[in-house]
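Open the structure in your viewer and get ready to select residues. This tour goes from stop to stop and tells you what is there.

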Amino acid sequence: MNIAIFGNSNKRATIEEVTHLLSLMRQHEDVHAFLSAELRNEMHIRDEYPLFLPESDAPVDVALSVGGDGTFLTTAMQVVARQIPVLGINCGNLGFLADVHTDDVEMVLQKLLTKDFITEQRSMLELTADKGLSIAPVALNEIAVLKQELASMITVETSLNGEPFHNYNGDGLIISTPTGSTAYNLSAGGPIAVPQSRVMLLSPVATHSLNVRPLVVPDDWQLDLRVHSRTGAFLISVDGRSQRLTDDVTLHIERSAYSLSLIRMTDDSFIHSLKTKLNWGI
């Protein structure tokens, strides 16, 4: 089995866990590790392990994301085009994507080798703009339209399937996948959606109207946005990758042709994650 490992090399806990993982893998002759460029350079083991390249055709069976949900999102962008399934090992805090505890790594590795796991296809969103967009446009969690720091509120003019819908006045608007419903969307008061739901969630950020509530729409709908601000500019964030755009830009959001293959252990479930991470059912 060929396993690619990704992680934030600036975090000591990540480096320690990757070192532990590599030591476990060396105990299996049929396991071969690839490392992301970041880890390979930081750990000074360039000659011991091959480099993972997104554009390479070298066979990789599984990707391991070591860190938190932010690292998982970065990993997803590296492997989604090749449909490599991803498993998240949590070295951070609360995580719905990276949900394997470091204490369970040895057991989980054994389950990977015996293929005792399931994969779930997670839908993604894709952003296009009529000009100026330079960040990677595909999101596993969310696309957020936000005011610039310290700026006054913005108005996000929205159309659904070509029909004018609403002008959101406030700090911004979050368009989330079901996977991202437990991320930024949740902190903004949006609903939680089961990952297999075929929906998009629209959640306003600090809305200026008490009448405005989050909205759930089918994920085959299309969303068009125009932003109006006093500064003439706003921020667009795609899974945390942000860019400043001007008000004369038109944005289009729809379900991406890409989907991410996420690994779950057979004894795990989304309901179990909700109960343990949010202290529900106690």
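Start by selecting Phe6, Ser36, Glu38, Thr74 and Gln78: of the 13 residues that line the second largest pocket, these lie nearest its centre. The elements that give two or more residues to this lining are strand S1 (2–7), helix H2 (37–42) and helix H3 (69–79). H3 gives the most, with four residues. The second largest pocket holds about 210 Å³ of space. Its lining divides into five nonpolar, seven polar and one charged.

Some ground rules before you move on. This is a predicted model, where local features need pLDDT of at least 70 and side-chain atom pairs count only at pLDDT 80 or more, while totals for chains, interfaces and linings use all residues. Residues are numbered from 1 along each chain as its sequence is written, and side-chain values use heavy atoms, with hydrogens and water left out.

Now the terms. Helices (H or I, at least four residues) and strands (E, at least two) are DSSP runs, numbered from the N terminus. On a 1 Å grid over the protein atoms alone, a pocket is an open set of points with protein on both sides within 12 Å along at least five of seven lines; a cavity is a set where a 1.4 Å probe fits but cannot get out; lining residues have an atom within 4 Å of a point. Points are joined across faces, edges and corners, and a volume is the space filled by probe spheres set on them. Ala, Val, Leu, Ile, Met, Phe, Trp, Tyr, Cys and Pro count as nonpolar, Asp, Glu, Lys and Arg as charged, and the others, Gly among them, as polar.

Next, select Asp99, Val100, His101, Asp104 and Asp268. They lie nearest the centre of the largest pocket, which is lined by 16 residues. Its volume is about 320 Å³. Which element gives the largest share of the lining? It is H6, with four residues. The lining of the largest pocket has six nonpolar, four polar and six charged residues.

The structure holds one cavity of 30 Å³ or more. The largest cavity has about 60 Å³ of space. Select its lining: Phe96, Leu97, Arg122, Pro178, Thr179, Thr182, Pro195, Arg264 and Phe270.

Last stop: a helix pair. Select Glu17, Leu21, Leu24 and Met25 in H1, then Val105, Glu106 and Leu109 in H4; the two groups meet (contact means heavy atoms within 4.5 Å). By class, this contact has five nonpolar, no polar and two charged residues.
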